[in-house]
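Colleague: I would like to learn how to read strands and packed helices in a model. Could you take me through it slowly?

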Amino acid sequence: MIRVEQLVKQYDSITAVDGVSLEVTPGELFGFLGPNGAGKTTTIKVLTTLLRPTSGRAMVAGYDVMKEPGKVRSVIGYVAQDVSVDDKGTGRENLMLQGHLHHMENKLLRQRVDKLLELVGLTADANRRTETYSGGMRKRLDLIVGLVHQPKVLFLDEPTLGLDPQTRARVWSYLRDINQREGITIFLTTHYMEEADTLCHRLAIIDQGKIKALGSPNELKDDIGGDRIDIGFSEERLIGESVFVDSALRVLRGQPFIQRIETLGDSLAVYADRGERIIPQIVELLAQSGVPAKTVTLSRPSLNDVFLKHTGYTIRGGEASTAERFRERFRRRPKGGNR
């Protein structure tokens, strides 16, 4: 349903999308996971014909986004990050307007509108002006506006950004329902790990405009290998910032039962098979070396772990890490380049 080959989009000397290639099959719920500035929105705007790529090729539902933009637009729905419904119109009027823009026959359009309003629980509020809607209601309406004309592909850019956890869970339920009932291919961007893990059949991790990993959530987590053991150290006995971490690394590195170790500030993430059997050995080794472990927790690999492995950092804790990465990119740009 979607085919992208070596897609590149440049702005002056900044490469926002850098050689992206992927395929999305019909009926798939596909995710683009990455922080702000990774190239997610730029890619989706190219696929929805809102931006022209610098190079490469993209096909949507068999149509070339460069050569046949009108045909692409006729078979896709697009819901941007910012809600774009008309505040002065009612919920029903917003949906009817979208249908008329796609030249839908009135009887079919009214039936479609009724069905969509029922799907997202807005039937009782359909004749109210949307300026009286809550943020969650407006987001639900915005979602189904992109579905009025029964598109083959629905593009969603950060569909739950800024929503509270309860509303976010409802939107997830609606998306699964739409995908399963109508067989619509859904391509969504997100920086929420849980959203990608919960919703997506497959996903691509994108960072600095490049795809770093591609597969189903379980495949990506299985590729990490082993369980994760997080070890925290007592702050009260720290002489220097990383004394215990450095000591623990010296003790644990090279142990045959450990696959790899990641340093996370004042803690360690240790990866090993059958972690429940390995923990006593780790604790004993640390104790014998005078390195007290304050906390030890066991977990299966998560998408955070996958992201960390492929990018060297985690989205957890907001977008501060992304801002820092972009500052670094600008510092490395050639002198005299446009800023």
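This is a predicted model: local features need pLDDT of at least 70, side-chain atom pairs count only at pLDDT 80 or more; totals for chains, interfaces and linings use all residues.

Colleague: In which sense do strand 9 and strand 10 pair, and over how many bridges?

Modeller: Strand 9 and strand 10 (residues 210–215) pair in the antiparallel sense over five bridges, and within this pairing I206 stands opposite I211 in strand 10. Strand 9 also pairs with strand 3 (residues 29–33), this time in the parallel sense and over four bridges, with L203 in strand 9 as the bridge partner of G31.

Colleague: Why is strand 9 described as largely enclosed by the rest of the structure?

Modeller: Strand 9 (residues 202–207) is described in that way because five of its six residues are buried.

Colleague: How should I read two packed helices?

Modeller: In general, two packed helices are described by the angle between their axes and the distance between the axes. Here, helix 5 (residues 135–145) and helix 6 (residues 165–182) pack at an angle of about 15°, with their axes 11 Å apart, which means that helix 5 is roughly parallel to helix 6. Their contact is made by G136, R140 and L143 of helix 5 together with T167, Y174, L175 and I178 of helix 6, and these residues divide into four nonpolar, two polar and one charged.

Colleague: At what angle do helix 9 and helix 10 pack?

Modeller: Helix 9 (residues 243–252) and helix 10 (residues 275–288) pack at about 115°, with their axes 10 Å apart, and their contact has six nonpolar, no polar and no charged residues.

Conventions:
Residues are numbered from 1 along each chain as its sequence is written. Side-chain values use heavy atoms; hydrogens and water are left out. Axes are lines fitted to C-alpha atoms, for helices over the stretch in contact, and angles run from 0 to 180 degrees between N-to-C directions. Helices (H or I, at least four residues) and strands (E, at least two) are DSSP runs, numbered from the N terminus. Ala, Val, Leu, Ile, Met, Phe, Trp, Tyr, Cys and Pro count as nonpolar, Asp, Glu, Lys and Arg as charged, and the others, Gly among them, as polar. Angles under 35 degrees count as roughly parallel, over 145 as roughly antiparallel, 65 to 115 as roughly perpendicular and the rest as oblique. Contact means heavy atoms within 4.5 Å. Buried means under 20% relative accessible area, exposed over 50%, partly exposed in between (1.4 Å probe, protein chains only). Two strands pair if DSSP finds at least two bridges between them.
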